[in-house]
Amino acid sequence: MPGIDKLPIEETLEDSPQTRSLLGVFEEDAAAISSYIHQLYQAMRRIYDAQNELSAATHLTSKLLKEYEKQRFPLGGDDEVMSSTLQQFAKVIDELSSCHAVLSTQLADAMMFPITQFKERDLKEILTLKEVFQIASNDHDTAINRYSRLSKRRENEKVKYEVTEDVYTSKKKQHQTMMHYFCALNTLQYKKKIAMLEPLLGYMQAQISFFKMGSENLTEQLEEFLTNIGTSVQNVRREMDSEVETMQQTIEDLEVASDPLYLPDPDTTKFPVHRNLTRKAGYLNARNKTGLVSSSWDRQFYFTQGGNLMSQARGDVAGGLVMDIDNCSVMAVDCEDRRYCFQITSFDGKKSSILQAESKKDYEEWICTINNISKQIYLSENPEEIAARVNQSALEAVTPSPSFQQRHESMRPTIQSRPPTARTNSSGSLGSESAALSALSLDSLVAPDTPIQFDIISPVSEDQPGQAKASGQSGRRTNPFGDSGGKKSETEDSILHQLFIVRFLGSMEVKSDESPDVVYETMRQILAARAIHNIFRMTESHLLVSCDCLKLIDPQTQVTRLRFPLPSIVLYATHQENKRLFGFVLRSSGGRAESHTTSVCYIFESNNEGEKICDSVGLAKQIAFHAELDRRASEKQKEIDKVKEKQQKELSKQKQIEKDLEEQSRLIAASSRPIQSSGEGQFVVLSSSQSEDSDLGEDGKKKRESEA
């Protein structure tokens, strides 16, 4: 009924239809309030949950920004500016996270608590009272019906009493329940206003407090910082846009230029074959035998490095050695199932590989390049000019030839026989490998992050750690053949003089010098590093091996570039497969502490076999060892002679002392005899003469007596 704001409690006893009708209106209102409050509760719950999530996300963001400086990005170098900027942002966001946490607490106390209390306590109380009132009303109706059916003719007092008692109890219960139910419905009209206004008031107060805390934290200094960061972001964006525009233009140019190259076999008339190359790289298919007649083909990236053919699988960091192609033979071969195939055979004929190029152009260029490298054209000053002179032989190699074995035998250089050289048993000898050293990891021999030196230090100097520099020695020209005028060099008196042509590949510090594995691992790392950084230039020098030292001499100026004392060379070895590679380990004192020693491994490539150089070094160390033994024996003999001479002098001195004592004893005995004299003066003279005779000896005494 419109205009009625509360139920009349005084009419509950009468329980008229009008009262029941008015109760129905209040019950509909309570149901509508319950539905609306439930929706409002869900909305406020979302606000509260979102605020909690925002607070947690803000805290997590601040934590991640603080951990930025601990991250190790492969391409992100140590950017101190970026790190400090993010640390400043983390500090501000951490303060904002604290503000969000305070806001979450205030929302829980001032917004969620009142509406939750109204929903869980007041509305549930209305529903409970409604159920109790409905039960009491039904019990009262049942009791009235039983009372109305009492018989008028046969009255049973007991039954009448029970029915009357039942009507009394149910009527009382209905009345009391109805009054409490009406009171709760009337109170609900006030609570519904409180239940909606209190959460909203708490929400607004919490937001006002949050914004006040934010205004206190966001000062003018922070605004200036944000302005600077915004300017930096705009600069980076402009730089990025410029770089993107440049890359897009590059992509368009490359698309136009590379369009003809998309074909697997481009026309050689439009793209001529370069036959003067001394370096080549690209993908090739390598033939691998899987059975007697079956084979498989693996696609890998191949490239030349000096006189070596290297291969590298996709995803590998560095390439590996395939074959030594100096003095090798290369020619086209016919394969039943493949086109553009060619075969490379090593110098000694023990190793060969069949490779397939992707196009005819690559096929001919690979053959010409390997042919040029095989003739060692890459070592000349002008390799392209010299390569042009051998184009005819390269063209002949392109034509498939069935007589491959005969061609290979004809191209193989004659190997001069040489007597086997005995290897020394020093620490540099390549004797049998120790089984204990094989268990060592590679990292224990050579550190992965050790810097590599790819060239000889310039200007030239003979200063080496652990050796003294003679005056006027730096920059001195050295003639290894001993025909230079002036002062003799320190190696001219040496028994051994052997000269080798070598090319310096690189050097690096090693952690161990007890096993040839150190040299092998250093070779692998230096070759891999040269392949990664595309370093193909090598410094050619003359290596002079003598009994005193090893010298690297400039072939043009004859100036000594580096000097390695022979006693400091503790290890030397050749490559296990490529015998042109050899290296040695130099141990020297370094650093501020004289007791601290460092070991550096030097790797070279030679035109001759590396074993010859190692044999020469071993022979030099053996000669130096025997010379040292002879020197020590000579010094020991000199010390023995000095001791004998000293003992002889001591013996002579002792004999002289004994003789003097004997003479003095005899003189004393003679002076004790009676002296016949007429005066005291003659006695004095005689005593003086005797004294002089004791000084002059036996000869002086006889002379004195004859004169008397």
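## Strands and the overall fold

A strand is a DSSP run of E with at least two residues, and strands are numbered from the N terminus. With that in hand, look at T345, which lies in strand β6. This is a predicted model. Its secondary structure comes to 12 helices and 15 strands.

The protein has 708 residues, and 35% of them count as buried. Now take the contacts between residues at least 6 apart in sequence. Of these, 67% join residues at least 24 apart.

Is T345 buried or exposed? T345 has a relative accessibility of 4%, so it counts as buried, since the cut-off for buried is under 20%. T345 can also be placed against C328. The two residues are 17 apart along the chain. Their C-alpha atoms are separated by 5.7 Å.

T278 is buried because its relative accessibility is 17%. Which residues does T278 touch, leaving aside those up to four places away in sequence? They are T304, T369, N372, I373, I377, Y378 and P383.

## Aromatic pairs

A pair of aromatic rings is described by two things: the distance of the centres and the angle of the planes. How many aromatic pairs does the structure hold? The count is 14.

One of them joins Y283 and F301. The centres are 5.3 Å apart, and the planes stand at 75 degrees. That makes the pair edge-to-face, because the angle is over 60 degrees. The pair links distant parts of the chain, with Y283 in strand β1 and F301 in strand β2 (residues 295-305). The two residues are 18 apart. Y283 is partly exposed, at a relative accessible area of 30%. F301 is also partly exposed, at 27%.

Next come Y340 and Y363. Their ring centres are 5.8 Å apart and their planes meet at 40 degrees, so this pair is tilted. It too links distant parts of the chain. Y340 sits in the loop between β5 (329-333) and β6 (341-345). Y340 is buried, with a relative accessible area of 17%. Y363 is buried as well, at 8%.

## A cluster, and charges over rings

Some aromatic residues come together in a group. F504, F564, F582, F584, Y602 and F604 form one aromatic cluster.

Charged side chains can sit over rings too. R299 lies over the face of Y283, at 4.2 Å from the ring centre. Y283 is the residue that also pairs edge-to-face with F301. Elsewhere, K119 lies over the face of Y41, at 5.1 Å from the ring centre.

## Cavities

How many cavities of 30 Å³ or more does the structure hold? There are three. The largest cavity contains about 50 Å³ of space.

What lines the largest cavity? Its lining has 11 residues. Q305, G306, L505, R530 and M538 lie nearest the centre. By type, the lining divides into six nonpolar, three polar and two charged residues.

How values were computed
Residues are numbered from 1 along each chain as its sequence is written. This is a predicted model: local features need pLDDT of at least 70, side-chain atom pairs count only at pLDDT 80 or more; totals for chains, interfaces and linings use all residues. Side-chain values use heavy atoms; hydrogens and water are left out. On a 1 Å grid over the protein atoms alone, a cavity is a set of points where a 1.4 Å probe fits but cannot get out, and a pocket is an open set with protein on both sides within 12 Å along at least five of seven lines; lining residues have an atom within 4 Å of a point. Grid points are joined across faces, edges and corners, and a volume is the space filled by probe spheres set on the points. Ala, Val, Leu, Ile, Met, Phe, Trp, Tyr, Cys and Pro count as nonpolar, Asp, Glu, Lys and Arg as charged, and the others, Gly among them, as polar. Buried means under 20% relative accessible area, exposed over 50%, partly exposed in between (1.4 Å probe, protein chains only). Contact means heavy atoms within 4.5 Å. Rings of Phe, Tyr and Trp (its six-membered ring) pair if their centres lie within 6.5 Å; planes under 30 degrees apart count as stacked, over 60 as edge-to-face and the rest as tilted. Helices (H or I, at least four residues) and strands (E, at least two) are DSSP runs, numbered from the N terminus. A charge sits over a ring if NZ of Lys or CZ of Arg is within 6 Å of the ring centre and within 35 degrees of the ring normal.
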